Amino acid sequence: MTGLLDGKALAAKMQAELAEQVQHLQQQVGRPPGLAVLMVGDNPASAAYVRNKEQACERVGIASFGKHFPTQTTQAELEQTIQALNQDERVDGILVQLPLPDHLDSVGLLNQIDPNKDADGLHPTNLGRLVRGEPGLRSCTPAGVMRLLQEYRIDLKGKKAVVIGRSILVGKPLALMLLAEDATVTIAHSRSQDLTAIARDADILVAAVGRTNLITAEMVKPDAVVVDVGINRVVNPETGKGRLVGDVEFESVRDVAAWITPVPGGIGPMTVTMLLDNTVWSYRQRCVAGREK
Ligand code: NAD
């Protein structure tokens, strides 16, 4: 029978553990950990994600220093805000909610964040640490995938892992994390030829594309582990109601795979939890010198 990689349950367990750690640590430090989520404009999906992150912060006792800026905010204003947050002793993590409106340079902004407060792990220093295998803040979605695989004791050593998608946010860092765990890694992308053959070779198959039903049952090796990172909104034409689905055709693939993540309830809650974990990690690094994670 196919097993469900239950990100929602693991996220709840980890958040309860983080809440306990925070309660304990803040007695030593004298303040709670702090996270600043910066959002620009009013993309409804981003607003929902930000709300979700702030509610999760509240659950574990992390103070929120988030700011919501109007669409026309300039690059200079945002850079000034990031500089001020870099200096603010109460803030341990800074995250710029992507995507940004077109007139803003997101890479330029991410580069302004103090690498030790880079809660999303996207600063070149932290990506460099990942490439070198050094400790550092790791990008939340791929770190969430790895934590979920670890929880279910999925063996990666020497296994063939295929990551579909090569973004700096998900695909590339995830490929490096799988490599660090001794998987043999292939990255496929929009220009890859014969995706079916590439995917079917995978012991561990990760889809991070953003295309409904991209992965069908015939693309999955029997007993593979399938991780669905994609988030797509589909609208029922009759009711007009929207719902979230991943990149994997769940109902058919679950008959072939040994393990599969659901959408929702898989990688989404893990991403939020790794953001909290990163913030608490920075807090420890900055305030509780010499303590292990
Ligand atoms: P992106 O658009 O930056 O990258 C998509 C990647 O898919 C690209 O590298 C592209 O080469 C590849 N691709 C596009 N079409 C393809 C095809 N037909 N075949 C193979 N590869 C193809 O997106 P992203 O930021 O990496 O996000 C990917 C998906 O994951 C999106 O659906 C996004 O919403 C979702 N996501 C989910 C979480 C979460 O918390 N669960 C977090 C981040 C992103």
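A polar contact is a pair of N or O atoms within 3.5 Å; within protein, one must be able to donate a hydrogen and the other to accept it, and residues adjacent in sequence count only if both atoms are side-chain atoms.

I looked up Thr 271 with that in mind. A polar side-chain atom of Thr 271 lies 2.9 Å from an oxygen atom of the ligand. I note that the protein covers 72% of the 850 Å² of accessible area that the ligand has on its own (Shrake-Rupley method, 1.4 Å probe; for residues, only the protein chains shown count as cover).

This is a predicted model: local features need pLDDT of at least 70, side-chain atom pairs count only at pLDDT 80 or more, and totals for chains, interfaces and linings use all residues. Residues are numbered from 1 along each chain as its sequence is written, and side-chain values use heavy atoms, with hydrogens and water left out.

Next I checked the backbone. A polar backbone atom of Ile 231 is 3.0 Å from an oxygen atom of the ligand. For Ser 190, a backbone N or O atom lies 3.1 Å from a ligand oxygen.

Then I looked at the shell. I found 20 residues around the ligand (a residue is near if one of its heavy atoms lies within 4 Å). Arg 166, Ser 167, Gly 210, Ile 231 and Thr 271 are the closest. The shell holds 9 nonpolar, 9 polar and 2 charged residues (Ala, Val, Leu, Ile, Met, Phe, Trp, Tyr, Cys and Pro count as nonpolar, Asp, Glu, Lys and Arg as charged, the others, Gly among them, as polar).
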